[in-house]
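Colleague: I'm new to this one. Could you walk me through it?

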Amino acid sequence: HKDLKVVEPKNQSFKDKPPEVELKELPPHLEYAFLGDNGKWPVIIGKYLSSNEKIALINVLKMRKKAIAWKLTDIKGIDPEFCSHKILLEEDYSLKVQSQRRVSPIHCVPKKGGMTVIKNDENELVPTRLVTGWRVCIDYRKLNEATRKDHFPLPFMDQMLERLAGNEYYCLLDGFSGYFQIPKDPKDQEKTTFTCPYGTFAYKRMPFGLCNAPRTFQRCMMAIFHDMIEKMMEVFMDDFSVFGNSFSTCLTNLKNMLKRCEDTKLALNWEKSHFMVKEGIVLGHKISKKGIEVDKAKIEVISKLAHPTTVKGIRSFLRHAGFYLRFIKDFSKISRPMTHLLEKKFTFCLLKRIDYTVRVVPGQRIEKHFWPIHYASKTMNQAEENYTTTEKGMLALEFDFKVIDTRGAENYAADHLSRLENPYENLFDPKEINETFPLESLNKVAHKDPSTLWFADLANYHAGNFIVKGMTSQQKQKFFKDARHYFWDDPYLFRTCADQITRRCVAGKEAIDILNACHSGPTGGHYGANYTAKKVFDSGFYWPTIYKDAFELVKRCDSCQCQGKISQKDKMPQNSIQICKIFDVWGIDLMGPFSSSKGNKYILVSVDYLSKWVEAKALATNDARVVVKFLKSLFSRFGTPKAIISDRETHFCNDQFSRVMAKYGVTYCISTAYHPQTSGQVEVTNHGLKCILERMVGENHASWSDKLEDALWAFQTSNCIQNFSRLYPLPSSLWKSMSPSTRA
């Protein structure tokens, strides 16, 4: 309408009328100070400062008054040329107008204001932040799904708190509506469009709800205070902590920080900023010269949480309690009964327990749903009625269920269902694969010469910055998408794989030689296709047809085809014995007798239950003397263990063996008779080691003692290296410092 006028908001000048603000009750260690006359322009400072210190602090704040905001119109916004938020979409997505939804995409969440004090149930004054307003959030889930993710790292909270703790003075500052101080790129403003009863709007400043907003804000703050962080202040999003070991040092640091805020037009919230205090709340923790302590307000919240009754409630409670994990000794042991409830496995659900009856439902949990299998109940006798509540609950687990296979003709319900017509009977029948493609240009090969390397085009692109001519737009799009994962380090091409490990690209005869070495070499072990391919990956090499080539190699290997393959179903089940540290529990067993090889007929095998490290030795006899000698050598290399597990053979169960165990203080455990699963780990090791030896020895059975060390090395590199890498991972700093060729 012609009479309507667009009114632009004006920035509030400091010469205008001071804002009307509400002064709340403060904790005992804080007080109000005023930068203007008649109680105007308030700020919050430490109460225990001397008069000279207060005057010096107020003079600095008056000089840098433009860095503090009292209301929303005081925000000028950071210069777009310095920082602006961009929304970059993935290549497969394009802008689309969403259909109007009945559920509003606009949500208002509570926003907490400045610090005040409230009384808890014990009539104690606890500093806390009260909800004083609302924060508008838009449902941008569809936009976030299409947005290219920003992986800029956020600071580690525990490391930042450790650096802050132990100082004499702090200035704990907070940004005024921090996100709204960063402008959006004009090209991306339309992507934040939303509708409401008053019309259609788009944000000019960075709103809440965008997936990359925290990273953009943290990157901007790091750019502003890059030369001050860790030296005089810490930054976590819009929380700024200036520190110093003395008043003068902290005041100088504060003056420099406020000047930087003025230069970049960054505004601080007067109500959430505390100047020159000796203690304060930072990221939910109380910091002071004493160190790091818990926040009483958060303890009050956690203590008043409702008792969890669902899986979701248990997870929520553990997240709240885990916030103060560093202050709770043996937290994992204390929370074990609750974390045990989150395990997805076969469970017994106690339906009802009264004074004389227990009823249970055995079932299986699949994903989020509990599927009952059977219903059972039991009447308790007079002695069982006197059980405690816990013992009555355990009584429900003592039901003995028997599974009976009933013939179809006798099981009338199942027999009837099996005879119903199946409308999807032929839907999943195997069909012949159609290998003809309508597009002849699909997977076009740049060079028809079969001797050309598969990565020739990628190497030319990265090394010489040129591509093959004649590709269609679809082929170019796929080529550039693949090229992002490769880089050139003269004279090799490397690929960053999905596990974020850099591997060298190989092809032709070099690839076949690597595959043969990992399969049938001295340390190969003649494993299956998947294990062989994994060993190639662990060696730092890559080519796209590695699994296909490994499968063909195993299929052509005479030893593998004659002896079969090592599969998971052939391995015995492994039952954990106890929770232990590395080299604390060893399993020991004796294999043989075999055909004589240089006078040796037996193999003594010992395996560590945690790291799966294996030691083996060829022996001429199987008496107690050679077993004890082997154990003493084992103790000298790996230390005295806490326990040793073996079967009931006479070379283990004898007085000489028992005296050695008692001398070194080792607990000797014997497996249950007719139950080899008790020492299942060593039984699995025996089976795997024996299969590798059979493939390496071939027809010359008398050479097995010479091949034992090679077989042992092949077994260790396949099963133990991955366990050691989990126990002792390579530091990320060392990994980053390595060149790509060294990584490979």
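Here are some questions and answers on helices and aromatic rings.

Modeller: Before you start, keep in mind that this is a predicted model.

Colleague: Okay, helix α15 then: how far apart are its end C-alpha atoms?

Modeller: Helix α15 covers residues 508–520, so it has 13 residues. At 1.5 Å a residue, those should span 18 Å. The model agrees with that, since the end C-alpha atoms of α15 are apart by 18 Å.

Colleague: Are the buried residues of α15 on the same side or on opposite sides?

Modeller: The buried ones in α15 are A511, I514, L515, C518 and H519. They cover an arc of only 125° around the axis, so they sit on the same side of α15.

Colleague: And what covers those buried residues of α15?

Modeller: Two of the elements listed there are β23 (541–542) and α16 (529–538). Also included are α17 (546–556) and α18 (558–563).

Colleague: Let's move to α7. Which of its residues are exposed on the other side from the buried ones?

Modeller: Helix α7 runs over residues 311–322, and I314, L318 and A321 are buried in it. Those three cover an arc of only 65° around the axis, which puts them on the same side of α7. Over on the other side of α7, the exposed residues are K312 and R319.

Colleague: Now the rings. How many aromatic pairs does the structure hold, and what is the angle between the planes of F194 and F201?

Modeller: The structure holds 24 aromatic pairs. F194 and F201 form a tilted one, 6.1 Å centre to centre, with an angle between the planes of 35°.

Colleague: Is F194 buried or exposed?

Modeller: Buried means under 20% relative accessible area. F194 has 14% relative accessibility, so it counts as buried.

Colleague: How many residues apart are F594 and W704?

Modeller: F594 and W704 form an edge-to-face pair, 5.6 Å centre to centre with 65° between the planes. F594 is in the loop between β24 (585–591) and β25 (602–608), while W704 is in helix α22 (residues 704–719). The pair links distant parts of the chain, and the two residues are apart by 110 residues.

Colleague: Last one: which residue does R504 lie over?

Modeller: R504 is at 4.2 Å from a ring centre. The ring whose face R504 lies over is that of Y492.

Notes:
Residues are numbered from 1 along each chain as its sequence is written. This is a predicted model: local features need pLDDT of at least 70, side-chain atom pairs count only at pLDDT 80 or more; totals for chains, interfaces and linings use all residues. Side-chain values use heavy atoms; hydrogens and water are left out. Helices (H or I, at least four residues) and strands (E, at least two) are DSSP runs, numbered from the N terminus. The expected span of a helix is 1.5 Å times one less than its number of residues. Buried means under 20% relative accessible area, exposed over 50%, partly exposed in between (1.4 Å probe, protein chains only). The arc is that of the directions from the helix axis to the C-beta atoms. Contact means heavy atoms within 4.5 Å. Rings of Phe, Tyr and Trp (its six-membered ring) pair if their centres lie within 6.5 Å; planes under 30 degrees apart count as stacked, over 60 as edge-to-face and the rest as tilted. A charge sits over a ring if NZ of Lys or CZ of Arg is within 6 Å of the ring centre and within 35 degrees of the ring normal.
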